[in-house]
Amino acid sequence: MSSLTLVTATRPGRSLHLLVALVALALAASACGGSSSATSTGSTSVTGKFKAPLPAGKDPSTVSKEVCSTEAPHDVAEALGEKAVVSKPTWVDDLYTCRYSYGTTEAMTLSVKELSSWPETYAYFDGLETQLGVTRRLQGLGQGAFQTPNGSVVVRKDWKVLLVDVSQLPPSFGNPPTTPGVIGLAVADVVLGCWAGD
């Protein structure tokens, strides 16, 4: 089961939502074959030693493509109890993005920014903190993560930064219904649970 924890305390009455999230996270971890709580500072080579992550390239990496490929949408649908229509991904300025649509107005957007060094990655991650705001920091998800006021989740792993933008979801969504904040956590965990290497 995932080791995702919230650093700040949650308000009373939120225990049901957290229970739903934990169940979803457990499903996600088992579906993708592992937990997303990787804390290494690089990828493991064949010899077992750590090597630097791969820099952004001309095309999106396999890891980034997983966000919009068949496996992640399937696992997200299982976790949320809702099936999405996933848009054709875009690749602009080293940002890989697709939209998960649920009907005409309900949607969430997943994106992965690929960077080429630790300083670039930290700067981009910190920039999102400033731009989007932080309501709580998350432990056990990637190598750094936070949640924004609208429930969206930002995760840093190696030289990539994942954004699960849930700002276009209604206050209650999914089966069983829950909040966008819980959905953001569950989806981030599903995606990170599927990531392996870079």
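Student: Which exposed residues sit on the face of helix 4 turned away from its buried side?
Tutor: Pro-119, Thr-130 and Gln-131. Exposed means over 50% relative accessible area, buried under 20%, partly exposed in between (1.4 Å probe, protein chains only). This is a predicted model: local features need pLDDT of at least 70, side-chain atom pairs count only at 80 or more, and totals for chains, interfaces and linings use all residues. Residues are numbered from 1 along each chain as its sequence is written, and side-chain values use heavy atoms, without hydrogens or water.

Student: Why is residues 118-132 called a helix?
Tutor: A helix is a DSSP run of H or I, at least four residues, numbered from the N terminus (a strand is E, at least two). Helix 4 has 15 residues, so it passes that cut-off.

Student: What makes the buried residues of helix 4 lie on the same side?
Tutor: They are Thr-121, Phe-125, Leu-128 and Glu-129. They cover an arc of only 105° around the axis, so they share one side of helix 4. The arc is taken from the directions from the helix axis to the C-beta atoms.

Student: Which strands do they pack against?
Tutor: Strands 8, 9, 10 and 11. Contact means heavy atoms within 4.5 Å.

Student: What caps the N-terminal end of helix 4?
Tutor: Ser-117. Its side-chain oxygen lies 3.2 Å from the backbone nitrogen of Glu-120. Just after helix 4, Gly-133 takes a positive phi of about 90°.

Student: How many residues has the largest nonpolar core?
Tutor: It has 33, and Leu-162 is one of those with the most contacts inside it. Helix 5 gives the most, with seven residues.

Methods: The expected span of a helix is 1.5 Å times one less than its number of residues. A polar contact is a pair of N or O atoms within 3.5 Å; within protein, one must be able to donate a hydrogen and the other to accept it, and residues adjacent in sequence count only if both atoms are side-chain atoms. A nonpolar core is a set of buried Ala, Val, Leu, Ile, Met, Phe, Trp, Tyr and Cys residues joined through side-chain atoms within 4.5 Å.
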